Amino acid sequence: MTDRMDTERLIAGLSRNLRPVRRVLHPLLAAMLWIVIGAAVVAFAVATIAEATAITSEFRAGLESWHLLLASGTGVAAALAAFELALPDRDQRWALLPLVPAMAWVSLHAGGWAKHLAYDGLGALRLDVSLECAGFILGVGLPLSVLLLRLARHAALLRPRAVAALGGLAAASLASAGLSCVHRLYSEGMVLAWHGLGIGVVILLSVWLGPRIMTLRLLTH
Amino acid sequence: MTAAQDGDTEAYATLLRECVPFVTTVCRARLRGQPEVEDAVQDTLLTIHRIRHTYDPARPFTPWLATIAERRALDHGRRRGRRAARVAPLVDARDLPSPSPDPETHLAVQQRANALREAVQALSPAQRTALDLAKLQDLPLTEASRRSGMSVGALKVATHRAVMALRRRLGEQP
């Protein structure tokens, strides 16, 4: 009976100072908003590191175009999945949405690298250091991930880690897509290593810091 | 819920009261013991309050509510598991010396426990929640803040006020 009274008092307390709230954006709209901002940020970052002529000359119809298509597809799918999963009544299987484009993207480079390995032998295992690849993905991906996590901050009380992981994947994928416009993907092994490293770090940092980033506004209330 | 999102306090209170039996059923399926179930129910109500803006009136309410209740019940279950892992096994009661049979001491202890219980009941819901999360469950402030929906600052103030109020009520000097 005393416990029941507790709940009654809690309900009275919660409803006493109730304020109207603005509903969150529909996940599709939120994802579109983030993608538009993300594309603008990536375009700005690309423009600052390359001349327009360099962009067209570096960009080829083969590997880079497939990389651009699949990385963008993974980013878009992961962003939509993150915003869907941030809501309580959405199916957890939304988390699988980016799986197909992500697997196709990894397969593109893994397949190319396997061919390279068969053709070149151990030469395919030699990786040039390409810190600028990982640096670009980190520099562009992390702010975009923070933006996504802030837009989906209501997930903090529900599925913070899953949403943060998807947010990190979405941001890093868009950054990787942008990078392929200015940075020739010389070999699949190098792409797998340095893009993979950059994307992995963005996802790990997002998962690690995501719940704190999401609750930042709650802490300032 | 739509009316509650627009700020209708009466509709909100009615809704929360109507949610309690359903939430209790969900929590009871995952937790043992009435106090733990009650804690999870109250935690669920706090979460509903914090994220009431995520409800979409075009969609059914029950799945929205059920997910929140299940998450809070799971959290409480996990916390119980962690606590259990930290607790040392009990010594067989038969090996212990018999407790003091002194009825006066027993009565004094009981009276003090009753006084403490009443003092805790007299706290405001926010102070009780803060005391429970920050002191009894000993959660880190950020986690307690996340669960209660209060800011870290508000949580510290509520905890401090709760302790001061308890001391005042129990006749101890702060």
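Biologist: Which residues does A:Trp34 touch, leaving aside those up to four places away in sequence?

Modeller: Its partners are A:Gly75, A:Ala79, A:Phe83, A:Leu144, A:Leu147, A:Leu148, A:Leu151, A:Ala170, A:Ala171 and A:Leu174. A contact here means heavy atoms within 4.5 Å. This is a predicted model, where local features need pLDDT of at least 70, side-chain atom pairs count only at pLDDT 80 or more, and totals for chains, interfaces and linings use all residues. Residues are numbered from 1 along each chain as its sequence is written, chains are lettered from A and ligands numbered from 1 in the order in which they are written, and side-chain values use heavy atoms, with hydrogens and water left out.

Biologist: What makes a group of residues a nonpolar core, and which residues have the most contacts inside the largest one?

Modeller: Such a core is a set of buried Ala, Val, Leu, Ile, Met, Phe, Trp, Tyr and Cys residues joined through side-chain atoms within 4.5 Å. Buried means under 20% relative accessible area, exposed over 50%, and partly exposed in between, with a 1.4 Å probe and protein chains only. The largest core has 47 residues, and A:Trp34, A:Phe83, A:Ile137, A:Val140, A:Leu148, A:Val163 and A:Met214 have the most contacts inside it. At least two residues each come from H2 (27-49), H4 (63-85), H6 (131-151), H7 (160-182) and H8 (188-220) of chain A. H7(A) gives the most, with 12 residues. A second, separate core of 32 residues includes B:Val41, B:Leu46, B:Tyr55 and B:Leu65.

Biologist: How many helices and strands does chain A have, and what counts as one?

Modeller: Helices (H or I, at least four residues) and strands (E, at least two) are DSSP runs, numbered from the N terminus. By that rule chain A has eight helices and zero strands, and chain B also comes to eight helices and zero strands.

Biologist: Why is A:Val24 called partly exposed?

Modeller: Its relative accessibility is 22%, so it falls in the partly exposed class. A:Val24 sits in the loop between H1 (2-16) and H2 of chain A. Not counting residues up to four places away in sequence, A:Val24 touches A:Leu87 and A:His154 as well as B:His53 and B:Thr54.

Biologist: And how do you know whether B:Leu133 is buried or exposed?

Modeller: B:Leu133 has 4% relative accessibility and therefore counts as buried. This residue lies in H6 of chain B. Beyond residues up to four places away in sequence, B:Leu133 touches B:Asp138, B:Leu139, B:Ala144, B:Arg147 and B:Ser148. B:Asp138, which follows H6(B), has a positive phi, near 55°.

Biologist: Why are H6(B) and H8(B) called roughly perpendicular?

Modeller: Axes are lines fitted to C-alpha atoms, for helices over the stretch in contact, and angles run from 0 to 180 degrees between N-to-C directions. Under 35 degrees counts as roughly parallel, over 145 as roughly antiparallel, 65 to 115 as roughly perpendicular and the rest as oblique. H6 (residues 125-136) and H8 (residues 152-169) of chain B pack at about 100°, with axes 8 Å apart. H6(B) and H8(B) are therefore roughly perpendicular. By class, their contact has nine nonpolar, two polar and two charged residues. Here Ala, Val, Leu, Ile, Met, Phe, Trp, Tyr, Cys and Pro count as nonpolar, Asp, Glu, Lys and Arg as charged, and the others, Gly among them, as polar.

Biologist: What about H7(B) against H8(B): at what angle do they pack, and which residues meet?

Modeller: H7 (residues 141-148) of chain B packs on H8(B) at about 95°, with the axes 9 Å apart. H7(B) and H8(B) are therefore roughly perpendicular to each other. B:Leu141, B:Thr142, B:Ala144, B:Ser145 and B:Ser148 of H7(B) meet B:Val152, B:Leu155 and B:Lys156 of H8(B). By class, that contact has four nonpolar, three polar and one charged residues.
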